[in-house]
Amino acid sequence: MNATAETLNHTSEASNTDFSLFDQQFNERFDERFEHKMKEREANHTPSMTIISTKGTLDMAYPPFILASTAAALGWDVEIFFTFYGLSLLKKDLDLSISPLGNPAMPMKMPMGPEWLRKTDIKIPNLVMAGVPGFENVATTLMKKTMENKGIATIDELRELCLEAEVKLVACQMTVDLFEMSKDEFIPEISDWIGAASFLPKAQQADVSLFI
Amino acid sequence: MNTNITQTLDARNLNCPLPILRTKKALNSMQSGDLLAIQATDPGSVNDLEAFCKQTGNKLVSSEAAGDEFSFIIKKS
């Protein structure tokens, strides 16, 4: 009886050892394969980005188009969802302007004249910005001139580059209804008119998602 | 060296992100192994082109600065 119990004990100990060895080998092999498979997956993965563009001023038109065109150049899949004032960026006639009023971080500089003047940040009281008719037109003209001097692309140009690089431009259906806009005012390259429920699942799948 | 350059790109006086976009466009029309020479004046293009090559798998063969101008050679993957 004793002997049998001893043999049994012995056998179960031996098989325990076998199993733990098997476990160890399996785990090592699994870790190795897992790392390999993850690297393979990463290499085959096309990065993607979704952007929500909500502002329609000249200065705020740049970030979405610059990021989208650059990401497309890097080989990413990109989609921009234009909503509220962001829809202005999809108009056939881009007539974008900036307002220094309520934009206190915006430097006010002259794009012409002597060097010292170009470098001076001209502080203008809010009262003048708000009260002088045509102030925004002047500010817009000066900003456009500064950008031209520095070799910054125009919004038209960047939008064209985005389309060329197959960036998907989608527009918010609700905004058009809300402001009673006509779809004829917008470029025909808009790939879809959608709502939040259609956009969010795409944002969920994206590696990068930005609100601008 | 110059005899091996397949295509040249003048990106001088262009600012971010145009040098990258033009580079991508130029590479699209080239064959694997071809060399693209780029000239630029945007100081940001030094880091940007390096990042671009790293991400797209193309090889940045050289990156040189001479005064206010930068020159690069990229080998298409």
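What percentage of the 212 residues of chain A count as buried? In this predicted model, the share is 22%. A residue is called buried here if 20 or more other C-beta atoms lie within 10 Å of its own.

The overall dimensions of chain A can be read next to that figure. Its radius of gyration is 30 Å, whereas a compact globule of 212 residues would have one near 17 Å. The C-alpha trace of chain A spans about 110 × 45 × 30 Å along its principal axes. Eight helices and five strands make up the secondary structure elements of chain A. Following the sequence, they come in the pattern α-β-α-β-α-α-α-α-β-α-β-α-β. If we take the contacts in chain A between residues at least 6 apart in sequence, 75% of them join residues at least 24 apart.

Now turn to chain B. Four of its strands form an open sheet with mixed pairing, in the order S1-S2-S4-S3. The edges are strand S1 (5-11) and strand S3 (59-66), each of which pairs on one side only. On average, neighbouring strands of this sheet are turned by 15° against each other, direction ignored.

Within the sheet, strand S2 (residues 35-40) and strand S4 (residues 69-75) of chain B are antiparallel and joined by six bridges. One residue to look up is B:Gln39, whose bridge partner in S4(B) is B:Ser71.

Two helices of chain B meet this sheet. Helix H1 (residues 18-28) lies across S1, S2 and S4 and runs at about 155° to S1(B). Helix H2 (residues 45-56) packs on the sheet and touches S2, S3 and S4. The direction of helix H2 makes about 175° with that of S3(B).

Definitions and conventions: Residues numbered from 1 in each chain as written. Chains lettered and ligands numbered in written order. Predicted model: local features only at pLDDT ≥ 70, side-chain atom pairs only at ≥ 80, totals over all residues. Pairing = 2+ DSSP bridges. Axes fitted to C-alpha atoms, helices over the stretch in contact; angles between N-to-C directions. Contact = placed C-beta atoms within 7 Å. Rg over C-alpha atoms; globule rule 2.2 N^0.38 Å. Buried ≥ 20, exposed ≤ 12 C-beta atoms within 10 Å, placed from the backbone.
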